[in-house]
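Here are my notes on the model, point by point. Please read them with the coordinates open.

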Amino acid sequence: MRENDMLEKEEIFSKVLRAGRRTYFFDVRATKADDYYITITESKKFTEEDGSFHFKKHKIYLYKEDFTAFAEILEDMTSYVLNHKGEEVISERHQKDFKKEYPAEKTEDGELPNTSSFTDIDFDDI
């Protein structure tokens, strides 16, 4: 068994946040020395064209000595976002067919450019 697996062997306390295609797992775990730390795992479901699916996971480890600074920065960041963009979620932007509208820029002669020569490209979430 890998050392990393041994470190994550014992879960002490857990909570789950389901958020659309993403699921967040918050776990308190114990080290071999019986000290506690937190893991935060983001799991995102991806569906293939044939209907099969897979998950991509990203994990961070948060240790006690970093809790205060982490919480302060998280509070600063969430407050900033809410103060500048509000609490309304613009969910359509997360859809594959969302097309952002850009303000039209005029050419040097003051006319709007002919956009029919542009190709619309649809990029999936990375």
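1. The hairpin. S1 and S2 form a hairpin with two residues between them. Glycine 20 sits in the turn and has a positive phi of about 65 degrees. Keep in mind that this is a predicted model. Strand S1 covers residues 11-19 and strand S2 residues 22-30. The two run antiparallel, and eight bridges join them.

2. Threonine 23. This residue belongs to strand S2. Is threonine 23 buried or exposed? Its relative accessibility is 15%, so it counts as buried, the cut-off being under 20%. Leaving aside neighbours within four places in sequence, threonine 23 is in contact with Val16, Leu17 and Arg18, and also with Thr41, Glu42 and Ser43.

3. Lysine 57. Thr41, Glu42 and Ser43 come up again here: lysine 57 touches them, not counting residues up to four places away in sequence. Lysine 57 is in strand S4, residues 53-63. At 60% relative accessibility, lysine 57 counts as exposed, since the class begins over 50%. Lysine 44 is 13 residues from lysine 57 in sequence, and their C-alpha atoms are 6.5 Å apart.

4. Salt bridges, overall. How many salt bridges does a search of the whole structure find? The search finds three. Side chains of opposite charge can pair when their charged atoms come close. The next points take the pairs in turn.

5. Arginine 22 and glutamate 42. The closest N and O atoms of this salt bridge are 2.8 Å apart. Arginine 22 lies in strand S2 and glutamate 42 in strand S3, so the pair ties together parts that are 20 residues apart in sequence. Arginine 22 counts as partly exposed, at 28% relative accessibility.

6. Aspartate 27 and arginine 29. These two form a salt bridge with a closest N and O separation of 3.4 Å. Aspartate 27 is buried, with a relative accessible area of 6%. Arginine 29 is buried as well, with a relative accessible area of 6%.

7. Aspartate 35 and lysine 64. Their side chains meet in a salt bridge at 2.7 Å, N to O. Aspartate 35 lies in the loop between S2 and S3, and lysine 64 in the loop between S4 and helix H2 (67-85), so the pair ties together parts that are 29 residues apart in sequence. Aspartate 35 is partly exposed at 34% relative accessibility. Lysine 64 is partly exposed at 45%.

8. Aromatic pairs. The count comes to three aromatic pairs. In one of them, the ring centres of phenylalanine 53 and phenylalanine 55 are 5.7 Å apart and the planes meet at 85 degrees, so the pair is edge-to-face; the threshold for that label is over 60. Phenylalanine 53 is partly exposed, at 48% relative accessibility. Phenylalanine 55 is partly exposed too, at 45%. Elsewhere, ring pairs link Tyr37, Tyr61 and Tyr63 into a cluster.

9. Nonpolar surface. Which residues form a nonpolar patch on the surface? They are Ile12, Phe13 and Tyr36, with about 290 Å² of accessible area together. Tyrosine 36 is found in strand S3, residues 36-47. Tyrosine 36 is partly exposed, with a relative accessible area of 40%.

Conventions: Residues numbered from 1 in each chain as written. Predicted model: local features only at pLDDT ≥ 70, side-chain atom pairs only at ≥ 80, totals over all residues. Heavy atoms only, no water. Helix = DSSP H or I, 4+ residues; strand = E, 2+ residues; numbered from the N terminus. Buried < 20%, exposed > 50% of the residue type's maximum accessible area, 1.4 Å probe, protein only. Contact = heavy atoms within 4.5 Å. Pairing = 2+ DSSP bridges. Patch = residues over 30% accessible without salt bridge, like charges linked within 9 Å, V, L, I, M, F, W, Y side chains within 5 Å. Areas by Shrake-Rupley, 256 points an atom, 1.4 Å probe, with all protein chains shown as cover. Salt bridge = Lys/Arg side-chain N within 4 Å of Asp/Glu carboxyl O. Phe/Tyr/Trp six-rings, centres within 6.5 Å; stacked < 30°, edge-to-face > 60°.
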